[in-house]
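User: I would like to go through this structure and ask what stands behind the terms used for it. Please set each value against its cut-off.

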Amino acid sequence: MTLPPLLWGGPPGPRGAPWLRLFGHRASRWPGGRLRGRGPALPLLLLLPHLLAADKPTALELLQLARDPASPQFREGLAAAFSSDELKKGTAVLGQGPKFIWAIDATAAPKLLIDDASEHRMLRVANTSLWYRIGELTTGTSHEYHYIVDGKRFGGRTDVPAYLPESYAQPDVPQGKLSDKIVHTSTIYPGMQINYWIYAPAQYDANTPAALMVWQDGEGQINRDGGSRLLNVIDNLTRQKKIPVMIQVLISPGKVGEKAMRSIEYDTVDDTYTKFLRQEILADVAKQYNLRKDTYSHGIAGQSSGGICAFNAAWFHPEMFSRVLSRIGSFTSIQWHPGQIDGGNVYPFKIRKEPKRNIRVWLQDGANDLENDHGSWPLQNIQMANSLKMKNYDFHLSFGTGTHNSAHGNAEAPIALTWLWRDYDAGKTEQVYEMDPSEKVKPLFRVKLQ
C-alpha cells in the first residue's frame, strides 16, 4: 500500500527560530538542521499490514509510526527496525534524506549529542526501557552522535551518512543497465585476475560517443541501494544534465593466486596501473561501447588507496584522465621503498616542484582519518590541497570530521560529481582548467591545535 505523506507541524518560534511540538514538548534548534513535530494522528492500524509484510521497516515507515509513540505498533516497529544488540549498545539509527530516528535501550534517561553539539533529551516509549528521538540532519555529509547516560559517554556511531535526494531512485528517472561481472586476467600484472562491471545510463546511444569514468574498488559501487548509492546518483544527475552521458567502469582490485594486489596496483607511485587500464580494461570496454577519446571527457575516482590511485592515473597520464575524485585518499608512504620508488607521501611536494598538469581535482577527507606508521591522512590531504592551491590548480577540498570511512564521500557524491563535470560541453574536446574564483580568494588551509 502507499503510505500517506509525513505531516510535519509547528509554526516558526520566536525571532523566526524553528520549533515544534514534539509529542507535546517544545524542542530547540537541531544541530545541522532542525527537529520537526508531528501532524494529526493517523490510523496506524492501516500501516501494520505493510510493516509486517517486510522484514524491516524503512526510516519513513518508522517515522510514521513514531507519530503515535504509545502505540504497540511503534514498539513493534522499533523492535523490527533494530536488533536488541544495537538498542543496548546505543548504535540504533535510521534515516532517509534529512529525516532520522535514534533509539536506545537504557534504564536511565539518556541525552543525545549530534556532532558534539548541545544535548537533546530523548523521549521514553511508554512502559519500556526504550528511548527515541526524531530530527533532521544536514544532507550531503556525514555525522557523528553519542549519548550521555548517568553522566558518562555511551554508545553512538561515527560516519552516519545523510544522503541528498539524488542518491535515491526516483520513479520518473530511467535506470541504466549494469553488466554482469566481467573477469579479466592481466598480462601487465602477470597472472592477476580482476573483476569489473560496466554501467551504461539509459540515455546512452551507441551512435554517439559517451564520456567515461573509472571507479576503483568497483565491487562497492554495484549495489544500487548500498552504501555508495552511485548508480542512483548517476541516473539522477544524467537526467538532470548535471553530468554528461557517461560509461562507468567499476573495477575491483585483483589477485595473483591468493596474493592481494590492491596496494601494489593503487599505492605505487608510477604509471603501471594506468597502462593496465588503457591497454587492457578500457581497450576491452571500447569494443562494447562507443567512447569519447579526449581526456576532457574522462574522469577517474577512488577512495583510500583507490583515491591516490585515481590521482596517480591523472598525474602520470593527464592525456588519459583530466578529472579526479579522491576520497580519504592515502597520500602516504604505503608503497614507499626508500632509494627505489617514491610513496604517495611525496605528492604534495611533487605538485609544488613539477610542471603543472591540466587536471581538475576534488579531494575529500575528515579530521579523524587515520594516523599510523604510513603517515597522517588528514594532514596529507590538507598538504595536497595547499599544494594544488599554490600551483593554481582547479581543485576543491571537502574536509569534515569523519574517520577513514566512505560515508562522507558517498553522501556528497551528487555535489562532487556535479562540481567535477561542471561546465562540460559535449561540443568541446579540451579545456584549460582554471581555479574557481570562489576558491582563489580563500586563504591557504591552516591547522590549529585543540
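Analyst: The model is predicted. Its largest pocket has a volume of about 390 Å³, and 25 residues line that pocket. Leu 94, Gly 95, Arg 157, Pro 161 and Tyr 163 lie nearest the centre of the largest pocket.

User: What makes a residue part of the lining, and which elements give two or more residues to the lining of the largest pocket?

Analyst: A lining residue has an atom within 4 Å of a point of the pocket. The elements giving two or more such residues are β5 (92–96), β12 (152–162) and α11 (407–411). The largest share, 5 residues, comes from β5. By residue class, the lining of the largest pocket divides into 10 nonpolar, 9 polar and 6 charged.

User: How many residues line the second largest pocket, and where does the largest share come from?

Analyst: The second largest pocket, with a volume of about 300 Å³, is lined by 13 residues. Helix α10 (residues 377–390) gives the largest share, 3 residues. Nearest the centre of this second pocket lie Ala 367, Phe 399, Val 447, Lys 448 and Gln 450.

User: Why is Asp 150 called exposed?

Analyst: Exposed means over 50% relative accessible area. Asp 150 has 63% relative accessibility, so Asp 150 counts as exposed. Asp 150 lies in the loop between β11 (141–149) and β12, and its phi is near 55°, a positive value in a residue other than glycine.

User: Why is Arg 229 called buried?

Analyst: The cut-off for buried is under 20%. Arg 229 has 15% relative accessibility and therefore counts as buried. Arg 229 is in the loop between β16 (211–216) and α5 (230–239). Arg 229 also has a positive phi, of about 55°, although it is not a glycine.

User: Which residues touch the most other members of the largest nonpolar core?

Analyst: Leu 277 and Phe 311 do, in a core of 48 residues. Helix α8 (residues 305–316) gives the most to this core, with 7 residues. Leaving aside neighbours within four places in sequence, Phe 311 is in contact with Val 324, Phe 331, Tyr 347, Ile 351, Ile 359, Val 361 and Met 384. Here, contact means heavy atoms within 4.5 Å.

User: How do you know where the predictor is confident?

Analyst: By pLDDT, which averages 90 over the protein chain, with 88% of the residues scoring at least 70. Over residues 1–53 the pLDDT is below 50, although this stretch has 114 contacts in the model beyond near neighbours in sequence. Where pLDDT is low, predicted coordinates should not be read in detail.

Notes
Residues are numbered from 1 along each chain as its sequence is written. This is a predicted model: local features need pLDDT of at least 70, side-chain atom pairs count only at pLDDT 80 or more; totals for chains, interfaces and linings use all residues. Side-chain values use heavy atoms; hydrogens and water are left out. On a 1 Å grid over the protein atoms alone, a cavity is a set of points where a 1.4 Å probe fits but cannot get out, and a pocket is an open set with protein on both sides within 12 Å along at least five of seven lines; lining residues have an atom within 4 Å of a point. Grid points are joined across faces, edges and corners, and a volume is the space filled by probe spheres set on the points. Helices (H or I, at least four residues) and strands (E, at least two) are DSSP runs, numbered from the N terminus. Ala, Val, Leu, Ile, Met, Phe, Trp, Tyr, Cys and Pro count as nonpolar, Asp, Glu, Lys and Arg as charged, and the others, Gly among them, as polar. pLDDT is the predictor's confidence in each residue, from 0 to 100. A nonpolar core is a set of buried Ala, Val, Leu, Ile, Met, Phe, Trp, Tyr and Cys residues joined through side-chain atoms within 4.5 Å. Buried means under 20% relative accessible area, exposed over 50%, partly exposed in between (1.4 Å probe, protein chains only).
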